[in-house]
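Here are my notes on the model, as numbered points. Please read them with the structure open.

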Amino acid sequence: MEWDVLIIGAGAAGLFCAGTARMQGLRVLVIDHARAPGEKIRISGGGRCNFTNLATARDRFLSENPRFCASALAGFSPLDFVALVDRAGIAWHEKTLGQLFCDGRATQITDMLVDRMAGAELWLDTTLSGLARDGAGFLAQTTRGLVRAGRVVVASGGKSIPKMGATGLAYDLARQFGLKIIETRPGLVPLTFAEQDLARTKPLAGVSVAASVTHGKTRFDDALLFTHRGLSGPAILQISSFWHPGDEIHVDLAPGLDLAAELRDRRGQGGRIAVATVLSAHLPARLAEAIAEELQLTGARLADQNNATLNRIAERVHRWRLRPVGSEGYRTAEVTLGGIDTRGLDAKTMQARGQPGLYFIGEAVDATGWLGGYNFQWAWASGHAAGLSL
Ligand code: FDA
């Protein structure tokens, strides 16, 4: 059978694009090598899918070409997606700062997307082994046989979490059709420490603290979590997308506090109290004790400390300087930075320049959102832009 559109990948972007294409009455085939559609949607947002962010704007995306995503984002807004969610009767809530989550299971979103593309064919457990031009259209070789389609949309995502079926297929296809790839790297990923740093931080695994994490001019205020291999938590995941191997990051473990002034005040009030006890008013007790120990102040009383020592304590809390050695990599990264060079794509339609009928959408493209629902909004918006122009 001949199809108007073949969509490769039944993830967020592919499913959304299929729905938009169906609304125009096109014959749509979606293929995926996974056993179920929308696997990443299922596990997203801790199982509740942070499906959009009301603050979506192009400055929430990393790309070599930062203006590229503006057009697609303007064509399909977070409120457009909320309208679909409401129409499907899916209850949701705003967590923090515009992040919208399902009240119930994330699979409600996948079900909604599958309903929306009614009439499209979905072939799961199906692998693409080749794609070639065939007259004005394309001929695809799949494990279910040959597929002829007028247009092809590549929505096979990035490299993050290979265990869930992520592959570099989109990049291979892009290269085959003459597009360039911006070097990829894991994003929104925990950072890891060298052995000598781990000796101090490993015992803190599981401790979480509200922090301010800075890399150059970029700063995120959110929770930071100590892990057995380094640091995680939303503030670290955010900064990881800006970090490169060899870079230093700075952590303020008590943002908004003037700890040096507070320590001087407390000392002026008598100061028989232990340094770690004062710190534990602002930090988790285990972290407060670890910092006191690192500064060789275990059991030390505040009254016995001079101003230089108080400043040293404050510096350690407010300006903890770190040089991670690496990240947890694609194994746990929520997204893939880099990808298909947007200069080879039309920003309004996502069609490859010089390759009529070939489109790239979603995470495969070099447009990567911050943590907080931006990446799904990009999947919907880029899928919609392509779907409308098919
Ligand atoms: P996606 O990866 O969703 O889909 C690609 C599809 O292509 C998959 O179904 C895959 O099986 C298929 N495929 C790949 N290679 C193939 C091949 N060779 N042959 C056939 N099929 C192939 N974002 C957000 O905004 N809010 C959130 O709450 C979260 N939470 C979150 C949690 C976790 C743990 C992760 C890993 C990621 C998130 N994200 C997120 C990011 C979000 O999941 C991601 O940006 C989108 O799923 C990207 O959508 P795509 O459709 O582009 O790729």
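1. Setting aside neighbours within four places in sequence, Thr 227 has contacts with Lys 202, Ala 205 and Ser 232; contact means heavy atoms within 4.5 Å. Thr 227 sits in the loop between strand E14 (218-226) and strand E15 (230-232). Helices (H or I, at least four residues) and strands (E, at least two) are DSSP runs, numbered from the N terminus.

2. A word on what is being read here. This is a predicted model, in which local features need pLDDT of at least 70 and side-chain atom pairs count only at pLDDT 80 or more, while totals for chains, interfaces and linings use all residues. Residues are numbered from 1 along each chain as its sequence is written, and side-chain values use heavy atoms, with hydrogens and water left out.

3. Is Thr 227 buried or exposed? Thr 227 counts as buried because its relative accessibility is 17%. Buried means under 20% relative accessible area, exposed over 50%, and partly exposed in between (1.4 Å probe, protein chains only). The side chain of Thr 227 also reaches two backbone nitrogens: that of Gly 230 at 2.8 Å, and that of Arg 229, which lies 3.2 Å from a polar atom of the side chain.

4. Next, the loop between helix H8 (234-240) and strand E16 (249-252), where Asp 247 lies. Asp 247 counts as partly exposed because its relative accessibility is 23%. Not counting residues up to four places away in sequence, Asp 247 touches His 215, Phe 242, Leu 322, Arg 323 and Pro 324.

5. With a relative accessible area of 25%, Glu 248 is partly exposed. Which residues does Glu 248 contact, leaving aside its neighbours within four places in sequence? They are His 215, Arg 321, Leu 322 and Arg 323. The side chain of Glu 248 makes a polar contact with the side chain of Arg 321 at 3.3 Å, and another with the side chain of Arg 323 at 3.4 Å. A polar contact is a pair of N or O atoms within 3.5 Å; within protein, one must be able to donate a hydrogen and the other to accept it, and residues adjacent in sequence count only if both atoms are side-chain atoms. Glu 248 and Gly 216 are 32 residues apart in sequence and 8.6 Å apart from C-alpha to C-alpha.

6. The ligand has 27 residues around it, and those that come nearest are Ala 13, Asp 32, Thr 167, Glu 363 and Phe 376. A residue is near a molecule if one of its heavy atoms lies within 4 Å of it. Taken alone the ligand exposes 1,000 Å², and the protein buries 92% of that. Accessible areas come from the Shrake-Rupley method with a 1.4 Å probe; for residues, only the protein chains shown count as cover.

7. Which element gives the most residues to the shell around the ligand? H13 does, with three. By type, the shell divides into 10 nonpolar, 13 polar and four charged residues. Here Ala, Val, Leu, Ile, Met, Phe, Trp, Tyr, Cys and Pro count as nonpolar, Asp, Glu, Lys and Arg as charged, and the others, Gly among them, as polar.

8. The largest nonpolar core has 77 residues, of which Phe 51, Phe 81, Ile 109, Phe 360, Trp 378 and Trp 380 touch the most other members. H13 gives the most to this core, with eight residues. A nonpolar core is a set of buried Ala, Val, Leu, Ile, Met, Phe, Trp, Tyr and Cys residues joined through side-chain atoms within 4.5 Å. A second, separate core of 46 residues includes Val 207, Phe 242, Ile 249 and Leu 287.

9. Last, the protein chain as a whole. The chain has 13 helices and 21 strands, and buried residues make up 54% of its 390 residues. Its C-alpha atoms fill a box of roughly 85 × 40 × 35 Å along the principal axes.
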